[in-house]
Amino acid sequence: MERLKTNRENQKGTQEFLAMYSSIFGGITTDPSAMVIPIDDHMVHRGHGVFDTAAIRDGYLYELDQHIDRILRSASMAKIGLPFDRESIRRILIQTVCASKCKTGSLRYWLSAGPGDFQLSPSGCNQPALYAVVVQDKSPFSSKGVNVVTSSIPIKPPQFAVMKSVNYLPNVLSKMEAEEKGAFAAIWLDGDGFIAEGPNMNVAFVTKDTELLMPQFDKILSGCTAKRVLALAEGLVKEGKLRGVRVENVTVEEGKKADEMMLIGSGILVRPIVQWDEHIIGDGKEGPLTQILLNLIIKDMESGPLTVRTPIPY
């Protein structure tokens, strides 16, 4: 244990791990050196696990229920049973954040086939497992425009792309490819050549007709933040700042001709894109409607309805 603690203390990074829950030991620890999972868990050596997240903002969990619904759908598609019912999982997640005392950060959680053996089949696993970690990120938030490139890494087939599994090797390689080219992220195209998504975020556009345009979710992950942006954008339509909101197939030509382009995700919220490959988006500056959408999400996180904000009873 002392070596584990020393190793953890020597690790440098922008993230601090404040608390972890594990159904294996049935409790919560605030000791980062004890935040471990069994090597024989099938999530580790077979990738048989799913995960999700929720932002912590000013003592509230943002879109917790929406994210729980998604991880349960992912678990069903991955044929992973539940160690507890939905309400018990929800209660455990809130208790873990409470134990962490974190007011602003993120909650990450996993459902796995569980530990048991090193076989391919999960039939030898004793029971499914739930893990959760509260993370405090010290890196500063940025709304500065970024560059993206088209990914050469093959996109996941729709059956796997629509579930949030731990099989993120294509996503990692796509992100690394972007970084090697000096870009922030790489954009995937689907099998038909339409714009799909980024490595861990959705993508959207503001057209020259001042419409918010987003690719369909039938072949990609259904982003909770992206869906919330779509809902909030309807208010901009009523105010006359947007002419409409559309979710449909988007060609590369349409995307690159747009006035604004953005990445959307729980980790970055709404991030403007100013260049895609060699093509400048719009006037090459952060778009005004992208900034408005970012402000709407931030306001929603700080003072939105309780349907998207879950108070944490510290």
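A salt bridge is taken here as a side-chain nitrogen of Lys or Arg within 4 Å of a carboxyl oxygen of Asp or Glu. The model is predicted, so local features require pLDDT of at least 70 and side-chain atom pairs pLDDT 80 or more, whereas totals for chains, interfaces and linings use all residues. Residues are numbered from 1 along each chain as its sequence is written, and side-chain values use heavy atoms, with hydrogens and water left out.

By this criterion, the structure holds 15 salt bridges. One of them joins E248 to R246, with the closest N and O atoms 2.5 Å apart. Relative accessible area was used to class residues as buried (under 20%), exposed (over 50%) or partly exposed (in between), with a 1.4 Å probe and protein chains only. E248 is partly exposed at 30%, and R246 is likewise partly exposed at 24%.

Helix α8 spans residues 252-257; helices are DSSP runs of H or I with at least four residues, strands are runs of E with at least two, and both are numbered from the N terminus. Within α8, E253 and K257 are four residues apart, which separates them by about one helical turn. E253 and K257 form a salt bridge with a closest N and O distance of 3.0 Å, and both residues are exposed. K256 forms a salt bridge with D277, the closest N and O atoms being 3.3 Å apart. Because D277 lies in the loop between β13 (269-276) and β14 (279-280) while K256 is in α8, this pair ties together parts that are 21 residues apart in sequence. D277 has a relative accessibility of 24% and counts as partly exposed.

Helix packing was examined for α3 (residues 64-77) and α4 (residues 86-100), which pack at about 125° with axes 11 Å apart. Axes are lines fitted to C-alpha atoms, for helices over the stretch in contact, and angles run from 0 to 180 degrees between N-to-C directions. The two helices are therefore oblique to each other, the class left after roughly parallel (under 35 degrees), roughly antiparallel (over 145) and roughly perpendicular (65 to 115). The contact, defined by heavy atoms within 4.5 Å, involves L64, D65, I68, D69 and L72 of α3 and R86, I89, R90, L93 and I94 of α4. The residues of this contact divide into six nonpolar, no polar and four charged.

Definitions and conventions
Nonpolar A, V, L, I, M, F, W, Y, C, P; charged D, E, K, R; others polar.
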